[in-house]
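Have a look at the sequence and the model first, and then we'll walk through some contacts.

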Amino acid sequence: MSGPTATALAHTRRVCSLYKKSLRNLESWYDRRHIFRYQATLMRARFDQHRNEKDPAKVAQLVTDGEKELFEKQHYQPKKFPMSPGGVAFEREVIPPDWVLDYWHPLEKAQFPDYFARREKRKEEYVVWWEKQYGKSSANDSSSHH
């Protein structure tokens, strides 16, 4: 029951990564779907042509050549998904920190009584945990911070 070796897994991941990056690069170059699919089919045929290659040195050279070719044929302005790093909407949705709820008006809090009751209970539990974990802060500690 021996599984694939670490080298074989690393090679497989490298080939899959090269294939996916190549597809994404083609997607950037060809905006018409039918043309992109045709080019993707041609590229897949190039990958399948060497699928059963057994010589490790030749396989490594093929992957290196493929990565070099991909680098040389990179699109000058590759497509990026909006929420991905480099995308137009990356990190745009600012998630407000929890302390913002402490500044809600009592009338706003009154609309969600169960939530805020549970929240106050959890805050008290957290203070107890904090004091148990790190000890109570004294009056001298709070005045020397700033």
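How far apart in helix H5 are Glu 120 and Lys 123, counted in helical turns? They are about one helical turn apart, because three residues separate them in H5.

## Ground rules

This is a predicted model, so local features need pLDDT of at least 70 and side-chain atom pairs count only at pLDDT 80 or more, while totals for chains, interfaces and linings use all residues. Numbering starts from 1 along each chain as its sequence is written, and side-chain values use heavy atoms, with hydrogens and water left out.

Helices are DSSP runs of H or I with at least four residues, and strands are runs of E with at least two, numbered from the N terminus.

## The salt-bridge network

Let's stay with that pair. Glu 120 and Lys 123 form a salt bridge, with their closest N and O atoms 3.5 Å apart. (The term stands for a side-chain nitrogen of Lys or Arg within 4 Å of a carboxyl oxygen of Asp or Glu.) Glu 120 is partly exposed at 34% relative accessible area, and Lys 123 is partly exposed too, at 29%. The cut-offs here are under 20% for buried, over 50% for exposed and in between for partly exposed, using a 1.4 Å probe and protein chains only.

The pair belongs to a network of salt bridges that links Asp 98, Asp 102, Arg 119, Glu 120 and Lys 123. Within it, Asp 98 bridges to Arg 119, and the closest N and O atoms are 3.0 Å apart. Asp 98 sits in the loop between H3 and helix H4 (106-109) while Arg 119 is in helix H5 (residues 113-134), so this bridge ties together parts that are 21 residues apart in sequence. Asp 98 is partly exposed at 47%, whereas Arg 119 is buried at 6%.

## Another bridge

The whole structure has twelve salt bridges. One of them joins the side chains of Glu 53 and Lys 58, at 3.7 Å from N to O. Glu 53 is partly exposed, with 27% relative accessibility, and Lys 58 is partly exposed at 39%.

## How H1 meets H3

Two packed helices are described by the angle between their axes and the distance between the axes. For H1 and helix H3 (residues 56-72), the axes come within 10 Å and cross at roughly 25 degrees. Axes are lines fitted to C-alpha atoms, for helices over the stretch in contact, and the angles run from 0 to 180 degrees between N-to-C directions. H1 and H3 therefore count as roughly parallel (under 35 degrees; over 145 is roughly antiparallel, 65 to 115 roughly perpendicular, and the rest oblique).

On the H1 side, the contact includes His 11, Val 15 and Ser 22, and on the H3 side Val 59, Gly 66 and Leu 70 are among the partners. Contact means heavy atoms within 4.5 Å. Ser 22 lies in H1 (residues 6-29) and is buried, at 9% relative accessibility. Leaving aside residues up to four places away in sequence, Ser 22 touches Met 43, Phe 47 and Leu 70.

## Out in the loop

Phe 81 is found in the loop between H3 and H4 and is partly exposed at 48% relative accessibility. Arg 24 and Gly 87 are what Phe 81 touches, not counting residues up to four places away in sequence.
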